[in-house]
Amino acid sequence: MALAMMTTSSVASLRAAPTMAVYGLACVFLYLLPAIVFLLPTSLVSAELASGWEGGVYNWVALGISKPMGFLAVWCQFAMTIFYYPSLLGFVASTLAYVFNPELASSGVWTAAVIIVVYWSGVWVSSRGTKGVAGLASGGLIIGTLIPGTVLVLLGVVFLGQGNESAAPMTADNIFPVWAGLASLVLIVNNFLSYSGMEMNAVHVSSLRNPAKEFPKAMFLAMGMVMTIFILPALAISWIVPAEELSLTAGVMQAFDAVFANFGWQWLTPIVGIMLVAASLGGMLTWLAGPSKGLLLISRQEGYLPPFLQRLNKNGVQQNILVVQGAITTVIGLMYALIPNVSSAYWIFSVITTQVYLIMYLLMFVAAVQLRRKFPDHPRGYRAPLLVSMCGIGFAASLAALLVGFIPPSQFGSGNAGLYFLIVGGGALGLGLLVPFLFYKFRKPSWKQPEPQEVTPS
């Protein structure tokens, strides 16, 4: 139960609800499908890897495939955060707008300003090595997800019970999404990002008394809770806000504002906004230094990054990496001010985040099969059933999601498809493949620093 709750708190969020609410009842299918073909394989496969080999995804891929591919995997795990923070903070900006002025939610300038100010504030806090930052996110599941989500669903039910008609049809004909070519299914790609991160929870498999039985139970329980948190609020939003009016960044607050207005409780909207913002910011601060720290340690040992990026400040924090990442985040944040539609910008950055992360999962599935073949007798605390089949399903699903992400979704059909492809392709392939290739190609023996100074956890 404890592992299931930990997994739920690290995966579940209300942020993706508006993205799926545009599908109405079909969002149930669109959450269930990636849960079966992606969430389940990544959970069980990463549990076997974590129970047999320490060192995380770098060590798994380095042993299973090669060290350069291990660097690529750990790079992608870090690089996805470069686009993840702008999309997360885009949600924060739109939510915060409902505390001050809801009209700001569609303002690219407001969104860009919030992204830049909040991100650099987070870098300043993290660079000081502040103890207790991790505690800021400990209540995030309750404060920013469970309480607002439960309130939204209950008021949505009451809203329908009062005789109001659902904005989205809820009949059997709407169980599956309307097929209008591949573009009609592109928004499902966002669900792969929603379900990502299972490889980090897999490290706890060794703490179970009977991993072979208890870990699958924990994962199925977590899957049920995660899907409940994802599906019910998405449905509630689809009942209240028509799909054509839905903002992908401000959709949660649109729904709260509409349902509170129905009961004359609009004074509660800013309070809910503050709860959502507080939980998101706590999570951002907790994660800000984590992925870059893993990249730093591997790079010092193997010489993958230049000394400038390996430098630590007096608090033992990889400040130079955070500053360079911040400069890129600032440029990305400014794109919110340049792209006319905030929802379009949010979607583009979410897709790039997902695609970069999926490169790491592709490598992980290949490495798992190779490790089972190379080291069949290596002790493992947990052996995933049908490992090769699950890796095949997970690899195919990840590759399909990565490729489909290059297609503009039908909701943004009026935009320039060529420009969309260039931005997404340039962001995902450039950052996910080209940059690490250049680091690896031009590395020097002097970049190795195998004896790092003591790093104080932030």
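What is the volume of the largest cavity? In this predicted model, in which local features need pLDDT of at least 70, side-chain atom pairs count only at pLDDT 80 or more, and totals for chains, interfaces and linings use all residues, the largest cavity has a volume of about 30 Å³. Residues are numbered from 1 along each chain as its sequence is written, and side-chain values use heavy atoms, with hydrogens and water left out.

A cavity is here a set of points, on a 1 Å grid over the protein atoms alone, where a 1.4 Å probe fits but cannot get out, and lining residues have an atom within 4 Å of a point; the volume is the space filled by probe spheres set on points joined across faces, edges and corners. The lining of the largest cavity is formed by Thr7, Val11, Leu39, Met198, Met219, Ala222, Met223 and Val226. Two or more of these residues come from each of α1 (2-11) and α10 (211-240), helices being DSSP runs of H or I with at least four residues, numbered from the N terminus.

Tyr195 touches Val11, Leu39 and Val226, among other residues, where contact means heavy atoms within 4.5 Å.

Glu48 lies in helix α3 (residues 27-52) and is buried, with a relative accessible area of 2%, buried meaning under 20% relative accessible area with a 1.4 Å probe and protein chains only. Beyond its neighbours within four places in sequence, Glu48 is in contact with Trp53, Arg372, Arg380, Tyr382, Arg383, Ala384 and Leu387; the C-alpha atoms of Glu48 and Ala384 are separated by 5.9 Å, although the two are 336 residues apart along the chain.

Notes: Buried < 20%, exposed > 50% of the residue type's maximum accessible area, 1.4 Å probe, protein only. 1 Å grid on protein atoms, 1.4 Å probe; cavity = no way out; pocket = protein on both sides within 12 Å on 5 of 7 lines; lining within 4 Å.
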